[in-house]
Amino acid sequence: MSLRIQVRYFASLREALGAGEVLHVPAGTTVGALRDQLVAQGGEHARCLARGRAVRSALDQAMADDGAPLRDGAEVAFFPPVTGG
Amino acid sequence: MSSLARGAVTIQQADFDLGAEVAALRDADGQAGAVASFVGIVRDRNDGTTVSAMELEHYPGMTERAIDGMVAEARRRFEIRGVRVIHRVGALRPGDQIVLVAVTSAHRHDAFQACEFLMDYLKTQAPFWKKETTPDGARWVDARVADDAALARWGLQMDNAG
């Protein structure tokens with residue numbers, strides 16, 4: 001069974017990759033594995049989401065670590081470190 | 001009605017009136033003996049360069065949820081009564097107000113503490129991003145490790161910049 005994931009990007013990632021995209025990933029995929037899958041696409045995805053770049057992630061609108069498991073219909077966001085206040 | 005009930009957190013493009021917000025907190029609660037407030041302002045210089053304009057982006061939905069969680073955590077840690085948080089988004093200019101945090105409590109100590117706690121928390125964990133216009137063009141503002149350290153003082157290790 002595959003999971004339908006809504007991916008969203010913000011700030012510099014949004015400028016490079018667009019506002020978001022829908023992906024289908026295998027059950028058991030985590031936030032970190034989703035990022036690796038996006039990096040594997042190459043191009044701007046590989047450049048912006050590469051390991052070693054400061055990228056934060058959120059799962060269903062809450063900050064999430066790489067190990068967080070995805071569910072069908074989840075919303076995953078990738079963005080640079082936040083700079084509000 | 002408590003300030004939480006009328007909506008403690010607002011994300012908006014419009015400016016805000018510190019006096020009106022403090023008055024609303026005060027008028028809603030006769031037991032509030034202290035109000036501490038913080039207002040953040042757009043500076044005209046950053047990292048040695050002139051800043052002529054700033055654009056603030058946020059993650060609608062997550063932002064409100066994140067700050068609601070921070071307010072709940074502040075209520076667990078401090079004896080506070082009313083809370084008001086306003087964060088502006090969109091186009092801002094130097095001198096403009098960006099953020100307001102105001103907290104009431106029976107006595108000053110908890111209001112001071114909670115106000116600083118909420119700002120430290122918001123700086124590193126609320127999804128906002130600043131893009132500033134300089135003579136060399138527009139650039140995204142870098143997160144600061146010092147802000148992570150400020151949150152760590154409260155016993156919260158949640159790295160953002162680092």
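**View 1. T10(B) pairs with I86(B).** In β6(B), I86(B) is the bridge partner of T10(B). Four bridges join β1(B) to β6 (residues 80-88) of chain B, and the two strands run parallel. Strands (E, at least two residues) and helices (H or I, at least four) are DSSP runs, numbered from the N terminus. Two strands pair if DSSP finds at least two bridges between them.

This is a predicted model: local features need pLDDT of at least 70, side-chain atom pairs count only at pLDDT 80 or more, and totals for chains, interfaces and linings use all residues. Residues are numbered from 1 along each chain as its sequence is written, with chains lettered from A and ligands numbered from 1 in the order written.

**View 2. The open sheet of chain B.** Four strands take the order β1-β6-β8-β2, with mixed pairing. β1 (9-12) and β2 (34-41) of chain B each have a single partner strand, so one side of each lacks a neighbour in the sheet.

**View 3. Helix α3 of chain B.** α3 (residues 108-125) has 18 residues and reaches 26 Å from its first C-alpha to its last. Its buried residues (20 or more other C-beta atoms within 10 Å of their own, C-beta atoms placed from the backbone) include F117(B), L118(B) and Y121(B). The buried residues of α3(B) pack against β4 of chain A, and against β2, α2 (62-77), β6, β8 (97-105) and α4 (145-152) of chain B.

**View 4. Where chain A meets chain B.** 16 residues of chain A are in contact with 23 residues of chain B; contact means C-beta atoms, placed from the backbone, within 7 Å. β3 (56-59), β4 (62-63) and β5 (75-79) of chain A each supply at least two residues of the side of chain A that touches chain B.

Key: Two residues are in contact if their C-beta atoms, placed from the backbone, lie within 7 Å. The expected span of a helix is 1.5 Å times one less than its number of residues. A residue is buried if 20 or more other C-beta atoms lie within 10 Å of its own, exposed if 12 or fewer, and partly exposed in between; C-beta atoms are placed from the backbone.
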